[in-house]
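Visitor: I have just opened this one and would like a tour. Could you take me through it slowly?

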Amino acid sequence: MLSLVIVTGLLAFVSGKPCDTEGSNRELHLTLNKNLLRSLETQEGLPNPSVHLALRLSDNHNLAKENEHLNKLKNDLHNDLQSSLSNSQSVVGLLALYTLALKSSCHDLNTVTFTVSEKSEKLLTHLKNQMEQEKEHIAFSHRPLTNYYQYSLGVLALCASGIRVNNHVSNKLIKAVENEHFKHGDSESTDTYAMAGMALQCVKDSGSHVQNAAELDTALSKIKEKLLAARRNDGHIGNEFSTGLAVQALLAMGTHIADCAASMEAMRTGARGNTYHNPMAVSQILPALQKKSYLSVKSKECRNEDDTLVLEPVDPVVVLPSKTEVAVMVEVVTASGAAALYSVKVPKGSSLLQALELLSGKDVGFTFEKESSLWGPFLSMVNGEQARQSDRRYWHLSSDGTALTEGINDYKIEVAQKIIIQNSSY
């Protein structure tokens, strides 16, 4: 489940002073940039287009490593998308991120093709076709085949690539904002509002949506209100991992400094405290900290770029397992509401994934399967029961009643706690 994140010229039309922050914070930006570059050497699975996008939007570059990663995207990710399209799968979000990543490297999108049923068509044609399928599904079932986050990414990718977005496609997104359809479980999805904001701002800037300009402006205003209303006392918007995209959207929509400063500082504080150790998270906050957004790709030029970013050798860090054990209770709640309770002791500092692996090895009836995503592995099956995106279901994870904001490979168990794994709808 892909859940599945601005330049001066773009902001010139905005009245008043756009979002800004005092000081350069150059050292922090360089550290984050280097962390992203290092992640390319250790990444598992497919190359991540979001990481490539952040590297290309950055002020500093290692062009050789970026070009190497671009080639991996054009081969490994391209082949994976080719397979998905051949199997008639809905991959609009990943297809859109691939498009934005290529655009950020100023790659000629008209030279990128996929062959399905012996018919070769351009990348942008496939993206448009996928968006039409999503739009038709909304018309019949009032929701996309995937979700509104991916739908927004599709609108943004087409628009940023200079393609006129079909009014019927953008209207579906405007109506979804109007009717507050951006939910994940019982909560509003800050990520989705942010991505929709960037997508609709791009449509507005393109001047193509003249038919319902007032509705478009109303939707953009509502998105801005939603994002600002989701800001916590510590400055984060939604949570630590949605703040990057939220600030990107606010930047794209020309929000003033007073409404951005606290969130920018919250991200800087989080970055210095290693909150953002997942490359996907870093890829969303780095553009925001450098006052850019995914919308910046539209006017990206690949000339006279800085090429001074060098990775210093880093000594490998050996982490010894903790001798202190922590007791963890794990409760699995199926879609029918049936519950099963398990217990396991794990070394302090273990990831949730490691804890679940230890539990499954105890032969007490607990089993699970996982799938990969750009954010890392996620649970797809627990005790033989699946939570499919196609059925609008997912495994909701919480610890002592608080929803987890990190994935199973990132969340660390430091104290005794009760983990609840619940088959939930959205």
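Guide: One term comes up again and again, so it goes first: helices (H or I, at least four residues) and strands (E, at least two) are DSSP runs, numbered from the N terminus. This is a predicted model, in which local features need pLDDT of at least 70, side-chain atom pairs count only at pLDDT 80 or more, and totals for chains, interfaces and linings use all residues. Residues are numbered from 1 along each chain as its sequence is written, and side-chain values use heavy atoms, with hydrogens and water left out.

Visitor: What pLDDT does the chain average?
Guide: The average is 91, and 94% of the residues score at least 70, where pLDDT is the predictor's confidence in each residue, from 0 to 100. Over residues 1-17 the value is below 50, although this stretch has 51 contacts in the model beyond near neighbours in sequence, a contact being heavy atoms within 4.5 Å. Where pLDDT is low, the predicted coordinates should not be read in detail.

Visitor: Changing topic, how many disulfides does the structure hold?
Guide: There are 2, counting as a disulfide a pair of cysteine sulfur atoms within 2.5 Å. One of them joins C106 to C302, with an S to S distance of 2.0 Å. C106 sits in the loop between helix 5 (92-104) and strand 1 (113-116), and C302 in the loop between helix 13 and strand 5, so this pair ties together parts that are 196 residues apart in sequence.

Visitor: And which cysteines make the other one?
Guide: C159 is joined to C202, with the sulfurs 2.1 Å from S to S. C159 belongs to helix 7 (residues 148-160) and C202 to helix 9 (residues 190-206), 43 residues apart, so that distant parts of the chain are linked. The torsion about this S-S bond is about -95 degrees, and the disulfide is therefore left-handed, while the link of C106 and C302 is right-handed, with 90 degrees about its S-S bond.

Visitor: Are those cysteines buried or exposed?
Guide: Buried means under 20% relative accessible area, exposed over 50%, and partly exposed in between (1.4 Å probe, protein chains only). C159 is buried at 3% and C202 is buried at 0%, whereas C106 is partly exposed at 38% and C302 is partly exposed at 28%.

Visitor: Where is S293, then?
Guide: S293 is in the loop between helix 13 (279-289) and strand 5 (325-333), and S293 counts as buried because its relative accessibility is 0%.

Visitor: What lines the largest cavity?
Guide: On a 1 Å grid over the protein atoms alone, a cavity is a set of points where a 1.4 Å probe fits but cannot get out, a pocket is an open set with protein on both sides within 12 Å along at least five of seven lines, and lining residues have an atom within 4 Å of a point. The lining of the largest cavity includes E240, F241, Y276 and W375, and helix 13 gives the most to it, with 3 residues.

Visitor: Which helix gives the most to the second largest pocket?
Guide: Helix 2 does, with 9 residues of the lining, and both helix 2 (26-42) and helix 13 supply at least two each. The second largest pocket is lined by 15 residues, and N35, L36, R38, S39 and H277 lie nearest its centre.
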